[in-house]
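Below is a brief report on one protein chain. It moves from a single residue pair to the whole fold and back to selected side chains.

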Amino acid sequence: VPTLGLDYFYQLNEKWKLGYAFDVELGEYVVDFYKENLSRKNAIVTAALIGYEILPRWSVLAGPGIEFEKNKTLFIFRASTEYEFELANYWGLFPSFNYDFKEEYSTWALSFGISKRF
């Protein structure tokens, strides 16, 4: 399902960062949820994340969140990794992999982002 997202992170020090992720899924799908079909449409996912830079420009992130959707709201736990390619004037490009653990099923996403450091 295509998704649009906005993340904001505060760099605590050279290795650690705290952040917030906000994603909107732009589609409809059905999942098996406790042996019943659960329809999901345009779900909104929010998560509070903590990140650690394990190698220069390569981070791992994790934290709890909520997936809001009209049929059922679910708690999630997101685990993520990303690598930032630094550009001029504090801009960057980063591919990332997200995995959301949910109550009865899980989802994963490959994404591409643009960053700006202030």
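Is Lys-17 buried or exposed, going by its relative accessibility? Lys-17 counts as buried, because its relative accessibility is 12%. Buried means under 20% relative accessible area, exposed means over 50%, and partly exposed lies in between (1.4 Å probe, protein chains only).

## Basis of the model

This is a predicted model, in which local features need pLDDT of at least 70, side-chain atom pairs count only at pLDDT 80 or more, and totals for chains, interfaces and linings use all residues. Residues are numbered from 1 along each chain as its sequence is written, and side-chain values use heavy atoms, with hydrogens and water left out.

## Overall architecture

The protein chain has zero helices and 10 strands. Its elements run β-β-β-β-β-β-β-β-β-β from the N terminus on. Helices (H or I, at least four residues) and strands (E, at least two) are DSSP runs, numbered from the N terminus. The C-alpha trace spans about 50 × 20 × 20 Å along its principal axes.

The protein chain has 118 residues, and 33% of them count as buried. Take the contacts between residues at least 6 apart in sequence: 36% of them join residues at least 24 apart. Contact means heavy atoms within 4.5 Å.

## Charges and salt bridges

The protein chain carries 12 positive and 16 negative charges, and their mean positions are 2 Å apart. Lys and Arg count as positive, Asp and Glu as negative; His and the chain ends are not counted. Each charge is placed at NZ of Lys, CZ of Arg, CG of Asp or CD of Glu. Side chains of opposite charge can pair when their charged atoms come close. The whole structure holds seven salt bridges. A salt bridge is a side-chain nitrogen of Lys or Arg within 4 Å of a carboxyl oxygen of Asp or Glu.

One of them joins the side chains of Glu-82 and Lys-17, at 3.3 Å from N to O. This pair links distant parts of the chain: Glu-82 is in strand S7 and Lys-17 in strand S2 (residues 16-25), 65 residues apart. Glu-82 is buried, because its relative accessibility is 13%.

## A charged network

Arg-40 and Glu-69 also meet through their side chains in a salt bridge (3.3 Å, N to O). Arg-40 counts as buried at 0% relative accessibility. Glu-69 is buried as well, with a relative accessible area of 8%. A network of salt bridges links Arg-40, Glu-67, Glu-69 and Lys-102.

Where does Lys-102 lie? Its place is the loop between strand S9 (91-101) and strand S10 (106-116). Lys-102 counts as buried, because its relative accessibility is 10%. Its side chain makes a polar contact with the side chain of Glu-67 at 2.5 Å. Another polar contact, of 3.5 Å, joins the side chains of Lys-102 and Thr-107. A polar contact is a pair of N or O atoms within 3.5 Å; within protein, one must be able to donate a hydrogen and the other to accept it, and residues adjacent in sequence count only if both atoms are side-chain atoms.

## Around Ile-76

Ile-76 sits in strand S7 (residues 74-83). Ile-76 is buried, with a relative accessible area of 6%. Beyond its neighbours within four places in sequence, Ile-76 contacts residues including Val-45, Gly-63, Glu-67, Phe-101 and Lys-102. The C-alpha atoms of Ile-76 and Ser-115 are separated by 25 Å, and the two residues are 39 apart along the chain.

## Partly exposed sites

Phe-97 is in strand S9. Phe-97 is partly exposed, because its relative accessibility is 32%. Not counting residues up to four places away in sequence, Phe-97 touches Ala-79, Ser-80, Thr-81, Trp-108, Ala-109 and Leu-110.

Arg-117 forms a salt bridge with Glu-84, with the closest N and O atoms 2.7 Å apart. Arg-117 counts as partly exposed at 38% relative accessibility, whereas Glu-84 counts as buried at 12%.
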